[in-house]
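Q: Please walk me through how to read helix packing and ring pairs in a model like this one.

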Amino acid sequence: MDGMSIVAVVIGTIAFTVAAPLLGCLLAGIDRKISARMQGRVGPPLLQPYYDVRKLLEKDRVSVNASEGLYISCALFFTLLAGGIFFSGGSVLMSVFVITLAALFFIVAAYSTRSPYAEVGANREILQVLAYEPMVLLVAVGFYMAIGSFDVAAALGAPVPAIATTGLLFIGFLFVLTIKLRKSPFDLSYSHHAHQEIVKGITTEMSGPTLAKVEVMHWCENVLFLGWVGMFFLWANPLSILAAVAVALFVYFLEIVIDNNFARVKWQAMLKWSWLVTIIAGGINIVLLTYL
């Protein structure tokens, strides 16, 4: 990575750090409003996620040990870095690696508490990573084969969008996106809905400012993952950016609908279905790209 690329990533990370929590908070608020309407309720205010995080930040710092907060801070940092790499036009593959590193710090933070409930949540989080990671890696490889580069910026100079030759990969990615967005039926380790958990899974022992950082991290993750959705529709036409945003918002709405209409499945089903989709949709598309 040359000096200009590093500068672009730094600027992109700073911009993502400012913009992603704002956009992610709005998305979370919209999620709650739509979910409430689908359930016949009025729902909370649009900015309720912001009010919740602000309240958490005002609470005293109470944690099982000092390392828990450090691990969560590292997870948040690498999430912001992954977003900065992607939205600065950098390598989508590097963005995938960095966001996976953030997920590993999140898991280690739960294990560090030595709570049996948090450890069960951490075990489920590992299973979720095992379920979605192969598909996400194939998406990065397919993007490279379709565009000729791992860099997102290269898509803006492509004669056709990546979706033209990666349709099966896109469908497979939408399947595992439900896991990454922590939506039913695959919200095994941590659910945003109170009715899904007696205790809060992987975040059982997290509270106050530490839990606030987890919420902000999830907001930023959602913005990044929707960015991955949009990259399939980028090409040389400047209007493709608007198309990418529109598709990403529609996909998010679709995920909300799925979240409110499907019950949680067992981890065995999640793992089996995810790998089947990865092998069939991802594998076939990679083979087709090889001979195109």
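A: Start with handedness. A crossing is left-handed if the near helix is turned anticlockwise from the far one by less than a right angle, and right-handed if clockwise. The model is predicted: local features need pLDDT of at least 70, side-chain atom pairs count only at pLDDT 80 or more, and totals for chains, interfaces and linings use all residues. Residues are numbered from 1 along each chain as its sequence is written, and side-chain values use heavy atoms, without hydrogens and water.

Q: Which hand does the crossing of α4 and α7 have?

A: Left-handed. Helices here are DSSP runs (H or I, at least four residues), numbered from the N terminus.

Q: At what angle do α4 and α7 pack?

A: Two packed helices are described by the angle between their axes and the distance between the axes. Axes are lines fitted to C-alpha atoms over the stretch in contact, with angles from 0 to 180 degrees between N-to-C directions. Helix α4 (residues 92-112) and helix α7 (residues 208-231) pack at about 155 degrees, axes 12 Å apart. That makes α4 roughly antiparallel to α7 (over 145 degrees).

Q: Which residues of α4 make the contact?

A: Contact means heavy atoms within 4.5 Å. Val-92, Ser-95, Val-96, Ile-99 and Phe-106 of α4 take part. Their partners on α7 include Trp-228 and Met-231.

Q: How many aromatic pairs are there?

A: Rings of Phe, Tyr and Trp (its six-membered ring) pair if their centres lie within 6.5 Å; planes under 30 degrees apart count as stacked. The structure holds 14 pairs. Phe-16 and Phe-87 have ring centres 5.6 Å apart and planes at 20 degrees, so they are stacked. Phe-16 lies in α1 and Phe-87 in α3, 71 residues apart.

Definitions and conventions. Helix = DSSP H or I, 4+ residues; strand = E, 2+ residues; numbered from the N terminus. Parallel < 35°, antiparallel > 145°, perpendicular 65-115°, else oblique. Phe/Tyr/Trp six-rings, centres within 6.5 Å; stacked < 30°, edge-to-face > 60°.
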